[in-house]
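Below are some notes on the model, covering its salt bridges and its nonpolar cores. Please read them with the structure open.

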Amino acid sequence: MTKWTKNAPSVEQPGPEAELSPYQQAMRQRLLAAPVVPAPEPWQRIAYAPVGGLLGIGFASHPGTGQDLVMVVSHDGHGLFDAVTGEKIARDRDPDPEDDSRDVDPALWCPGLGPVAGSRVRIAGLFGGGLHTTSGDGWKLEVVAPSWPNERVLLSRDGGLPHSGPYGERWWHIFHSHYSELRAAGFSPSGQTLAVATSSDLSLWTRRTV
């Protein structure tokens with residue numbers, strides 16, 4: 001039997017914040033010193049698209065070719081990008097109102113358009129959700145903030161995280177979100193596309209050729 005009381009338990013005041021250890025300080029300095037560089041081969045940056053009021057992004061697969069597509073959700077509507085060419089292939093400035101009877105959180109998905117009309121696309125961004133952080137064949141993506149709130153996107157290969165591999169050989173700082181809020185960063189389910197979205201733009205890399 002549960003006994004209810006009127007008095008809430010006392011809350012302990014947090015003590016002073018612990019200082020960074022020498023290892024943590026060295027790691028932070030190493031991240032701060034790493035300049036933004038192009039992603040290594042076979043990755044190619046194929047798109048930078050300004051998108052004002054970007055809320056989130058998600059991946060879909062073209063039903064005819066199997067190529068990756070990227071859905072972008074913003075205050076101005078929905079857009080669909082080809083993740084191999086970077087071309088915007090569909091746009092809906094006035095999406096249908098959301099149906100309250102849906103059995104999933106409408107903030108984390110949106111209806112497809114263009115070649116994926118009639119399907120649902122999972123969205124990661126301002127309202128939650130997440131993208132793949134590994135490609136399945138050795139590539140890994142990591143978001144760090146050694147000078148919070150500015151976040152940096154690191155790409156590594158075969159476990160080459162900042163603490164275990166030389167910079168420029170095993171890990172690369174490929175994006176610095178110092179001008180806008182980072183919304184999402186990750187790989188497509190196929191592992192062939194890498195996307196980084198901020199509140200103001202979308203950047204795409206691919207390792208697949210047309």
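1. Is aspartate 137 buried, exposed or partly exposed? Aspartate 137 counts as partly exposed, at 45% relative accessibility; buried means under 20% relative accessible area, exposed over 50%, and partly exposed in between (1.4 Å probe, protein chains only).

2. This is a predicted model, in which local features need pLDDT of at least 70 and side-chain atom pairs count only at pLDDT 80 or more, while totals for chains, interfaces and linings use all residues. Residues are numbered from 1 along each chain as its sequence is written, and side-chain values use heavy atoms, without hydrogens and water.

3. There are two salt bridges in the structure (a side-chain nitrogen of Lys or Arg within 4 Å of a carboxyl oxygen of Asp or Glu). Aspartate 137 pairs with arginine 207, with 3.0 Å between the closest N and O atoms. Aspartate 137 sits in the loop between strands S8 (124-125) and S9 (139-147), and arginine 207 in the segment after S14, 70 residues apart (strands are DSSP runs of E, at least two residues, numbered from the N terminus). Arginine 207 is buried at 17%.

4. The other pair is arginine 183 with glutamate 181, at 2.9 Å from N to O. Arginine 183 is buried at 16%, whereas glutamate 181 is exposed at 52%.

5. The largest nonpolar core has 17 residues (buried Ala, Val, Leu, Ile, Met, Phe, Trp, Tyr and Cys residues joined through side-chain atoms within 4.5 Å). Its largest share, three residues, comes from S2.

6. Isoleucine 57 has contacts (heavy atoms within 4.5 Å) with residues including Val70, Arg122 and Leu202, leaving aside residues up to four places away in sequence.

Note on methods: Helix = DSSP H or I, 4+ residues; strand = E, 2+ residues; numbered from the N terminus.
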